[in-house]
Amino acid sequence: MLQNPLQLRLEKLEPWKQITFMACLCERMYPNYAMFCDSTQFAQARVYRDIIDSIWEQLTVKTAKVNFEHQLEKLEEIIPSSEDFDFYGVYPAIDACVALSHLLHGLLDRDYLYENMHKVSQLSVTTVAQLEEAQSGEAITNENQKQNESVCAEWDVQWAIFRPLREAEERDIDLIKDLRSELRDESVSNIGISI
């Protein structure tokens with residue numbers, strides 16, 4: 001499990017910040033899932049998109065009512081199995097779904113919000129590390145992760161999402177919308193897939 005000082009600081013964020021942080025990472029993983037769906041016709045990437053959009057709405061619209069149980073059921077139907085597909089793209093797609101599942105579980109049980117946020121952060125960096133390992137054949141560990149450009153870049157992005165959230169004093173709808181727009185406009189995933 002790769003570690004970074006960021007993980008300890010995340011714990012101190014208020015719940016809306018933790019949810020926003022997770023939503024940002026899931027938004028970044030979405031292209032991995034979308035590309036997989038495009039390549040395989042396995043499912044409609046739109047379903048993932050709709051679920052993440054419902055979470056953004058919950059964060060930015062006071063009156064939004066979202067049934068997260070129902071969203072979780074919809075998500076469970078579109079998670080691919082690595083046994084059914086014989087190409088690497090299935091793994092980042094599964095990771096994207098698992099990350100979104102952690103986010104929904106965190107929303108359903110706020111007592112486990114930090115725990116789920118830690119998992120999403122970890123999963124996003126693990127997706128990157130596993131791709132690097134698959135390409136280079138070398139394991140990435142805590143000791144050598146600083147030598148890996150892609151892993152460092154992933155931690156940098158997580159820090160870049162964390163900093164403005166940490167600075168926000170109250171629930172800042174504009175900040176949430178800015179983070180969302182930035183990630184959407186960029187449309188590049190944690191492993192460099194763009195849609």
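Mentor: Contact means heavy atoms within 4.5 Å. Leaving aside neighbours within four places in sequence, Val-128 is in contact with Ser-150, Val-151, Glu-154, Asn-190 and Ile-191. The model is predicted, so local features need pLDDT of at least 70 and side-chain atom pairs count only at pLDDT 80 or more, while totals for chains, interfaces and linings use all residues. Residues are numbered from 1 along each chain as its sequence is written, and side-chain values use heavy atoms, with hydrogens and water left out.

Trainee: What makes Val-128 count as buried?
Mentor: Buried means under 20% relative accessible area, exposed over 50%, and partly exposed in between, with a 1.4 Å probe and protein chains only. Val-128 has 2%, so it is buried. Its place is in helix H6, residues 113-136. The C-alpha atoms of Val-128 and Ser-150 are separated by 6.8 Å, although these residues are 22 apart along the chain.

Trainee: Is Thr-20 buried or exposed?
Mentor: Thr-20 has a relative accessible area of 0%, so it is buried. It is placed in helix H2. Apart from neighbours within four places in sequence, Thr-20 is in contact with Trp-56, Leu-59, Leu-165, Ile-176 and Leu-179.

Trainee: Why is Phe-42 called partly exposed?
Mentor: Its relative accessibility is 30%, so Phe-42 falls in the class partly exposed.

Trainee: How do you know that Phe-42 and Phe-85 form an aromatic pair that is edge-to-face?
Mentor: Rings of Phe, Tyr and Trp (its six-membered ring) pair if their centres lie within 6.5 Å; planes under 30 degrees apart count as stacked, over 60 as edge-to-face and the rest as tilted. By this rule the count comes to 8 aromatic pairs. In the pair of Phe-42 and Phe-85 the distance is 5.6 Å centre to centre, with 90° between the planes, hence edge-to-face. Phe-42 lies in the loop between helix H2 (15-40) and helix H3 (45-60), and Phe-85 in the loop between helix H4 (68-76) and helix H5 (90-108), so the pair ties together parts that are 43 residues apart in sequence. Phe-36, Phe-42, Phe-85 and Phe-87 form one aromatic cluster.

Trainee: What makes the charged end of Arg-49 sit over the ring of Tyr-30?
Mentor: The rule asks for NZ of Lys or CZ of Arg within 6 Å of the ring centre and within 35 degrees of the ring normal. The charged end of Arg-49 is 4.7 Å from the centre of the Tyr-30 ring and is counted as over it.

Trainee: Which residues touch the most other members of the largest nonpolar core?
Mentor: A nonpolar core is a set of buried Ala, Val, Leu, Ile, Met, Phe, Trp, Tyr and Cys residues joined through side-chain atoms within 4.5 Å. The largest has 64 residues, and those touching the most other members are Phe-21, Tyr-33, Tyr-48, Ile-55, Leu-75, Leu-100 and Leu-103. H2 gives the largest share of this core, 14 residues. Not counting residues up to four places away, Leu-103 touches residues including Ile-19, Met-22, Ile-52 and Val-120.

Trainee: How many helices and strands are there?
Mentor: Helices (H or I, at least four residues) and strands (E, at least two) are DSSP runs, numbered from the N terminus. The protein has 8 helices and 0 strands.
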